[in-house]
Amino acid sequence: MSINLADRGVVRSENGLYVYSEQVDSWVVRTQKPVSYEIRFVDDVLDPRHRDLIDFGGRTEGRQRRFVVVDSKVDLLHGDRIREYFDQHGAECALSVVPADETVKDFETAARIVREIDAFGINRRTEPIIVFGGGVLMDIVGLVGSLYRRGTPFVRVPTTLIGLVDAGVGAKTGVNFNGHKNRLGTYFPADLTLLDRSFLGTVDRRHIGNGLAEILKIALIKDVRLFELLEEHGADLLANKFQGVNRAGDIVLRRAIHGMLEELQPNLWEATLERCVDYGHTFSPTVEMHALPALLHGEAVCVDMALTTVMATRRGLMTEAERDRVFEVMRRLELPSWDPRLCPDLLMKALQDTVRHRDGMQRLPLPVGIGGVTFVNDVTAEEIAAAVEAQRAIGVARHV
């Protein structure tokens, strides 16, 4: 039997919004916004024969106009080719050259970029912002894109390893604020990310290691085969910077990116706060900001992973042999597994801040063997102090 909604006091408007009386005192709006973004490998993206950068977006009165943000170090190395690429395609291009590291990852840098966008003028939907740089600059430009006119598309071209496997594949944007890492930010993925390994050839050795730390993170909590590849080929990848015909390097990059995306895709907005990709990111944000600029992001993450590897071993989640394999891979990748700034008081402060970030619970990921993970909520100050002492005894600090 059909029910006449009007007889029940239900009034339906033209757009499908239901209300339950002629006099409406309350509304509940539910809607969904589909999210789709692409990550694509392109060898030598600045080769004029490759149109990936120029074909994304549209035209204004028959012209192509692009606002391009470039890390100042990248500009010194690749700036001429970037300019030539857009010139050869007949695009009107404005370049904003920005010094970018954690010390200037702030609102002022973001505001400077916005002022330059306003001076150039871009159409909101058809003229995407393009960024060439590492994780810091991509985070800043992502925040700018999410805020500028409440949402302007952007394209990422990571030029560092950490940008290629971590910052360039997710949805987070952000800047540091009030002494805290990424305290202000949004979820706003780039519409397109173009991955070009050739940029890594001009990255210094330490920054290759910085990115390898994030690859090691994925290996330790979900991919034992990836760990074995780092164990066998990690030192060579550090030395050759993923250049040339490099089958092991290709597999490592693709497994790391695919593993990261497997975790992000079903939980892009972090509705679930138990995230295995948060491994290495419980203590490291505070440690990194406290040590700034002595530790790079991946180095701080590695020190965090070394600490939690020790904690897992003390809890019986890992064997001592597995712990030693992990520390040996860190050594081969020339990553620190200890830092003299670590002290129980700082680490407890870091944990307390992370608890607020994770909605009142620790949700601390610990490795289970190599390639597994569990979450705990019962870490104490005493446990941290004991783990720090054990880490000090077996860890290796970065040589200054």
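Helices (H or I, at least four residues) and strands (E, at least two) are DSSP runs, numbered from the N terminus. The structure is a predicted model, in which local features need pLDDT of at least 70 and side-chain atom pairs count only at pLDDT 80 or more, whereas totals for chains, interfaces and linings use all residues. Residues are numbered from 1 along each chain as its sequence is written, and side-chain values use heavy atoms, with hydrogens and water left out.

Helix H10 covers residues 297-314. Its 18 residues should span 26 Å at 1.5 Å a residue, and its end C-alpha atoms, 26 Å apart, agree with this; the expected span is 1.5 Å times one less than the number of residues. Of these 18 residues, 17 are buried, so H10 is largely enclosed by the rest of the structure. Buried means under 20% relative accessible area, exposed over 50%, and partly exposed in between (1.4 Å probe, protein chains only). After H10 comes Gly316, which has a positive phi near 85°.

Side chains of opposite charge can pair when their charged atoms come close. In the whole structure, 38 salt bridges are found, each being a side-chain nitrogen of Lys or Arg within 4 Å of a carboxyl oxygen of Asp or Glu. One of them joins Asp353 to Arg183 (3.0 Å, N to O). This pair links distant parts of the chain, 170 residues apart: Asp353 lies in helix H12 (residues 344-357) and Arg183 in strand S9 (residues 180-184). Asp353 is buried at 18% relative accessibility, while Arg183 is partly exposed at 38%.

Lys33 is located in the loop between strand S2 (18-19) and strand S3 (38-41), and is exposed, with a relative accessible area of 72%.
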